[in-house]
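Q: Could you take me on a close look at the cavities in this model, and at what lines them?

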Amino acid sequence: MKKKYLGKTIGSLLIVLLMMPLGHALMILMEHFLEPTTLHYSAFLMGFVGLVITIAGVFVKGDTRQTCFGLTGALLFWTGWVEFLFAYFAQRFGVHCDLVGNGVVQTVTEYVNGVGVNHTFTINGTPLEDFSRADLKAIRGSRPEYLIMPATFGMWMMFVVMYTFCTRTGCLFIRWVQRHCGINEKVELRPMAYHPSIVMFMEWNIMMWGLYMLLMFCYDPVFLGDHHPVTYAVAAICLIGSALMFKKQLYIKSWGRNLRMAYATVIVFWTFVEVVARNGLFKEIWVDPMNHVVEMSAVLAIFVALIGGSWMYNVKDAEADAKLLA
């Protein structure tokens with residue numbers, strides 16, 4: 001029987017799982033404490049730093065170290081150059097949020113010499129800034145930047161087509177499609193240059209992008225809606241899928257590969273979490289970190305401890321492997 005690496009798998013999963021609420025909380029804190037101009041420049045710099053870290057990861061040695069560079073770079077890149085850029089242009093051009101019930105959303109932009117200089121956003125006549133996070137969560141569905149993300153579906157499909165019809169990839173889902181659609185037999189698939197940092201970076205962005213769009217299509221009442229049976233079915237499929245992925249991950253010995261699999265497992269599981277939270281079955285403390293300082297501090301402390309523990313574990317693993325080879 002194959003050996004299971006339960007401790008390593010759970011450690012990898014928890015590291016990635018805790019990154020999700022911490023990333024959400026980071027965005028909220030930046031929006032709360034930074035002035036708009038400072039926020040935009042800081043977010044753009046964050047995305048640039050993420051890209052630099054990812055590229056730097058190509059040149060470091062070791063599968064695990066490269067994966068960690070890619071993981072860190074992807075988080076900063078997605079937050080700075082995807083989420084914050086969507087938020088900037090949504091605000092600049094007055095994109096509305098959606099409401100859970102009935103009401104009126106209004107956005108007004110004052111232009112001077114063709115440039116929008118003043119933006120006001122009201123819900124039922126009340127300025128957006130007068131609502132608490134809890135109040136907004138109760139009446140608002142999705143933020144404006146997420147509502148315009150489905151418009152990028154065609155661009156996302158370009159990447160999917162490339163990976164499916166041109167590339168011999170390690171992605172289990174794409175390999176399943178290639179095998180069951182006869183692509184393996186009729187197309188000469190070639191592997192891309194392998195750099196764990198880039199693999200992690202692309203996996204993060206493609207999966208986050210695709211699953212965000214899936215949720216937006218499910219939440220949209222024009223298509224399905226929060227409480228539609230298909231939306232619940234998507235959540236159930238993601239929960240079952242993440243459990244099957246976890247089972248496969250248990251047999252991965254390498255820290256680097258285990259972390260890469262952990263991200264895929266967590267993001268599929270997080271889709272289930274998002275649907276459950278959207279329907280009010282539990283409270284998302286990470287969307288209101290200022291009122292949950294103790295809880296979020298505990299999450300951060302556990303995350304740091306896991307990082308330290310996994311680093312020491314990896315060092316011992318490397319020393320043991322070196323002794324075996326010697």
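**Inside the cavities**

A: Let's start with the second largest cavity, where α1 is the top contributor to the lining, giving five residues. Keep in mind that this is a predicted model. The volume of this second largest cavity is about 100 Å³. Helices α1, α3 (63–92) and α9 each put at least two residues into its lining. If you want to click through the residues that line the second largest cavity, they are M19, M20, G23, H24, M27, L75, W78, T79, E83, W204, M208 and Y212. Sorted by class, that lining comes out as eight nonpolar residues, three polar and one charged.

The largest cavity holds about 490 Å³ of space. There are 21 residues lining the largest cavity, and K137, R143, Y146, E284 and V287 are the closest to its centre. Helices α1 (6–33), α4 (133–139), α9 (196–219) and α11 (255–278) each supply at least two residues of the largest cavity's lining. Here α9 takes the largest share, with four residues. By class, the lining of the largest cavity has eleven nonpolar residues, three polar and seven charged.

So that you can compare the helices on screen, α1 and α9 are both among those giving at least two residues to the lining of the largest cavity, and both do likewise for the second largest cavity.

Definitions and conventions:
Residues are numbered from 1 along each chain as its sequence is written. This is a predicted model: local features need pLDDT of at least 70, side-chain atom pairs count only at pLDDT 80 or more; totals for chains, interfaces and linings use all residues. Side-chain values use heavy atoms; hydrogens and water are left out. On a 1 Å grid over the protein atoms alone, a cavity is a set of points where a 1.4 Å probe fits but cannot get out, and a pocket is an open set with protein on both sides within 12 Å along at least five of seven lines; lining residues have an atom within 4 Å of a point. Grid points are joined across faces, edges and corners, and a volume is the space filled by probe spheres set on the points. Ala, Val, Leu, Ile, Met, Phe, Trp, Tyr, Cys and Pro count as nonpolar, Asp, Glu, Lys and Arg as charged, and the others, Gly among them, as polar.
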